[in-house]
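Open the model in your viewer and keep the sequence panel in view.

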Amino acid sequence: MDGGASYNPRTVEEVFRDFKGRRAGMIEALTTDVEEFYQQCDPEKENLCLYGIPSEQWEVNLPAEEVPPELPEPALGINFARDGMQEKDWLSLVAVHSDVWLLSVAFYFGARFGFDKADRKRLFNMINDLPTIFEVVTGAAKKQTKEKSSVSNHSSNKSKSNSKRGSESQPKYSKAMPSKDEDDDIMEEEDDEEHGETFCGACGENYAADEFWICCDICEKWFHGKCVKITPARAELIKQYKCPSCSNKRARP
């Protein structure tokens with residue numbers, strides 16, 4: 001498996017786009033597709049790796065046979081540790097190694113195509129603006145956002161708390177509606193303040209005011225409706241929403 005080695009991005013923007021595509025695929029494997037990913041990582045098989053594909057897909061496969069490989073290889077043998085630890089700890093471990101692999105691939109391209117100091121710094125800053133896979137999988141990205149919001153705007157947090165208490169009996173979801181008057185404008189601004197630095201638990205992207213989001217009532221992570229295949233109409237009918245990861249959790253042998 002070459003992890004998309006035939007595609008060679010040559011500019012900072014192209015390398016970053018490659019990074020984001022691979023990252024999105026790996027986040028999907030460790031969140032929305034976690035049950036399928038778990039099943040594919042059979043400890044009875046040989047050394048397996050998790051690959052992110054630039055087209056935002058993922059694949060569990062054997063490592064490349066050529067030595068040295070064309071691209072840096074991800075961590076080997078992730079399947080062997082699957083049954084030796086708690087599932088959440090195993091997923092966190094895979095997430096950490098996935099972050100390391102993504103950085104190594106990005107800077108491999110940078111070295112291969114002669115990025116100078118300014119280009120390398122710009123690439124790193126673009127990458128660093130995104131939460132790591134580990135932060136998305138463990139919920140640390142959302143926790144950091146909450147802490148930052150608490151320091152910068154105490155009154156905003158009080159408003160969130162009141163909103164949460166008032167909606168305990170129904171799933172939390174957010175959809176910015178077109179402004180009709182001043183009241184609508186105020187509501188939209190409050191919505192942006194509450195969710196502006198929230199990251200999707202599936203794809204890891206930032207909140208956008210023109211997109212529908214829904215919050216899992218179990219892990220309290222927020223998701224794009226499109227990432228978890230939930231429409232606003234369907235959300236209205238759900239009393240308690242469980243994200244794919246929480247829905248698939250069960251006792252492991």
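**Before you click**

This is a predicted model, where local features need pLDDT of at least 70, side-chain atom pairs count only at pLDDT 80 or more, and totals for chains, interfaces and linings use all residues. Residues are numbered from 1 along each chain as its sequence is written, and side-chain values use heavy atoms, with hydrogens and water left out.

**Stop 1: the whole chain**

Show the protein chain as a cartoon. Ten helices and five strands make up its secondary structure. Here helices (H or I, at least four residues) and strands (E, at least two) are DSSP runs, numbered from the N terminus.

Of the 253 residues in the protein chain, 42% are buried. Buried means under 20% relative accessible area, exposed over 50%, and partly exposed in between (1.4 Å probe, protein chains only).

**Stop 2: helices H1 and H4**

Select residues 12-30 for H1 and residues 117-128 for H4. Their axes are 10 Å apart, and the helices pack at an angle of about 30°. Axes are lines fitted to C-alpha atoms, for helices over the stretch in contact, and angles run from 0 to 180 degrees between N-to-C directions. H1 and H4 are therefore roughly parallel to each other. That label covers angles under 35 degrees; over 145 is roughly antiparallel, 65 to 115 roughly perpendicular, and the rest oblique.

Show the side chains. Val-12, Glu-13, Val-15, Phe-16 and Phe-19 in H1 meet Asp-119, Arg-122, Leu-123, Met-126 and Ile-127 in H4.

**Stop 3: Leu-103**

Select Leu-103, in helix H3 (residues 87-112). Is Leu-103 buried or partly exposed? Its relative accessible area is 34%, so Leu-103 is partly exposed. Leaving aside neighbours within four places in sequence, Leu-103 is in contact with Phe-19 and Ile-127. Contact means heavy atoms within 4.5 Å. Leu-103 and Phe-19 are 84 residues apart along the chain, with their C-alpha atoms separated by 8.0 Å.

**Stop 4: His-224**

Finish at His-224, in strand S5 (residues 222-224). His-224 counts as buried because its relative accessibility is 3%. Not counting residues up to four places away in sequence, His-224 touches several residues, including Cys-200, Cys-203 and Trp-213.
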